[in-house]
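Subject: Structure handover

Hello,

Here is the structure I promised you. Please open it first, then read my notes below.

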Amino acid sequence: MARKRKYAMIIDTKRCVGCSACVYACKSENNVPEGFCRDWIVQRIEGDYPKLTMLNRSERCQHCENAPCVSNCPTTASHYGGDGTVQIEPDLCTGCKACIAACPYDARYIHPEGYADKCSFCQHRLKQGLKPACVTVCPTKTLHLVDLNSNDGEAEKLMRGREVVQDKVHAGTMPKLFWLM
Amino acid sequence: MNEVLSNKLNPQVLPHLEIWAWEVPIYLFLGGLAGGLLVITGGMLLLQKGGLFGKKSEARDPFTGMIQIGSVLSPVLLGLGMFFLFLDLENKFHVWRFYTAFVWTSPMSWGSWMLIIFFPLATLQALIVNERWLEGFSLVNRIIQPSKKHLNLIAMINVHMGAGIGVYTGILLSTFYARPIWSSSILGFVFLMSGLSSAAALVMLMAPRREKLMFSKMDMYFISLEGFATTLFIIGGITGSENVRDAMYFLISGPYAPWFWVVFVMGGMIVPLMLETLEAIGRIRFTVLVPLLVLTGSLTLRFIIVYAGQAFPTFA
């Protein structure tokens, strides 16, 4: 039996320059309609001049292992993809918005065609053996899609010696975006 | 300096990213009203002579006008509420998808299936108690006659189903822990009591003068419990974790505070309770102001909870 994948994303904030190429690549790859986004950049500036620090964070759906959007979906439109991702089946979605209310990360929006939409880790590309569009386009190699179940050591190599931050872990969602500080 | 810039779009900037607008609070109000009416009319059927808890071995009392009207209004108002819920759906052609799955962790799934039981039984009660108006319709009579002798059982189920729908309107919101204002399990009890109180108010508004006092006294009881539940809701919030506490302060002292204190607490509970007390001791005559205030307070409660819940930042 084939090994079950568990995709996650490791994001190196030291490399990120906040160029938003990931956002535009995603919009183009997934035909994200105007006025919406599947991923976004948060820029945080702290301190007093001249001692300022800037942090750029590329953010998207956390593909939680214990996803409240999945447990609150009344029609199973939001579901676990079986490869560590959380996916949406537009054909099952009624647009009731329970998943949007349930998401602690505000990762979802309603597509003008009437279904909930969000980052899918470009599942259509993963199936072809490609990386997500944002990962492919990132000019500073900030974004890394990793398989936490694999033995290739990629995730460990990236995280070694670095402070690793996750968002709202206390929500109990077991998120799968890891930011390297 | 601490400056955060984000190109993430949010509903404060773009209203089309709002989760639920006016349709959902109206549904929650009508759902509570319909559930409350079913509890009250079902309860009256069980308590009257010949009812399950009424005097035994006596013929059943004739159904009062309020039992008749209340029983009809319950499924009608719920149907109307469902229409507003339908309006809120972004993909209206997929409404049937609610019935292709049962997800036990999703309150919305429970609610959808509960309605499947609510509607036929509430309608059956409405038909049975209005039998004398329906004599000419043979098809309807074919449903009424065999089910008539089970009226006690139907009323018994309906009382519970009505309470279930009332609680459900609150639980629907309270399982979303991502929205800290909603994330209180007592919200179900607050909405149930508010629904019962507004149902008593609606019946009070329509009842003949000699029956008004009974419903007014019933409402006093419901308002008192609603006040108790609301107090617990507030205490639970301000003694909660930082996130929950800030959310509760946002509700009771933020931009929605005037609506919360003046329209809901004062107008929807304290003033009606005082006027009903004066009515009960015979100091004043019945005034339509009381039921109108209660109904306005109840509708306002749904609006401020739904709106404030979304306006306060997501779970931190």
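Across the interface of domain 1 and domain 2 of chain B, there are 3 residue pairs in polar contact, counting pairs with both residues at pLDDT 80 or more. Salt bridges across that interface number 0. Bear in mind that this is a predicted model.

Where are the two domains? In chain B, the domain assignment places domain 1 at 8-175 and domain 2 at 211-316. Their C-alpha centres lie 23 Å apart. Domain 1 of chain B brings 17 residues to the contact, and domain 2 of chain B brings 15 residues.

The size of an interface is often given as the accessible area lost when the parts come together. For these two domains of chain B, the buried area is about 1300 Å², and carbon and sulfur atoms give 75% of it. Look at B:P25, B:F29 and B:I40. They supply 37% of the area that domain 1 buries against domain 2, more than any other three residues. Helix α1(B) gives 8 residues to the side of domain 1 that touches domain 2, the largest share.

Next, the nonpolar core. The largest one has 128 residues. Those with the most contacts inside it are A:M9, B:W20, B:L173, B:L251 and B:I305. Helix α1 of chain B (residues 23-47) contributes 15 residues, the largest share of this core. Why does the core lie between domain 1 and domain 2 of chain B? Because both domains give residues to it.

Beyond its neighbours within four places in sequence, B:L173 touches B:W20, B:L28, B:W182, B:L187, B:F191, B:I305 and B:V306. There is also a second, separate core of 6 residues. A:A8, A:I10, A:V146 and A:A155 are among them.

Now the two chains. Their contact takes 45 residues from chain A and 38 residues from chain B. About 3500 Å² is buried between them, with carbon and sulfur atoms giving 55%. B:M1, B:K8 and B:E90 supply 17% of the area that chain B buries against chain A, more than any other three residues.

How many salt bridges are there between chain B and chain A? The count is 4. B:D88 forms a salt bridge with A:K97, and the closest N and O atoms are 2.9 Å apart. On the side of chain B that touches chain A, β1 (2-6) and α3 (107-129) each supply at least two residues. The largest share of that side, 5 residues, is from β1(B).

Best wishes

Note on methods: Residues are numbered from 1 along each chain as its sequence is written. Chains are lettered from A and ligands numbered from 1 in the order in which they are written. This is a predicted model: local features need pLDDT of at least 70, side-chain atom pairs count only at pLDDT 80 or more; totals for chains, interfaces and linings use all residues. Side-chain values use heavy atoms; hydrogens and water are left out. A nonpolar core is a set of buried Ala, Val, Leu, Ile, Met, Phe, Trp, Tyr and Cys residues joined through side-chain atoms within 4.5 Å. Buried means under 20% relative accessible area, exposed over 50%, partly exposed in between (1.4 Å probe, protein chains only). Helices (H or I, at least four residues) and strands (E, at least two) are DSSP runs, numbered from the N terminus. Domain bounds come from an automatic or database domain assignment. Contact means heavy atoms within 4.5 Å. Buried area is the accessible area (1.4 Å probe) that two parts lose on being put together, summed over both. A salt bridge is a side-chain nitrogen of Lys or Arg within 4 Å of a carboxyl oxygen of Asp or Glu. A polar contact is a pair of N or O atoms within 3.5 Å; within protein, one must be able to donate a hydrogen and the other to accept it, and residues adjacent in sequence count only if both atoms are side-chain atoms.
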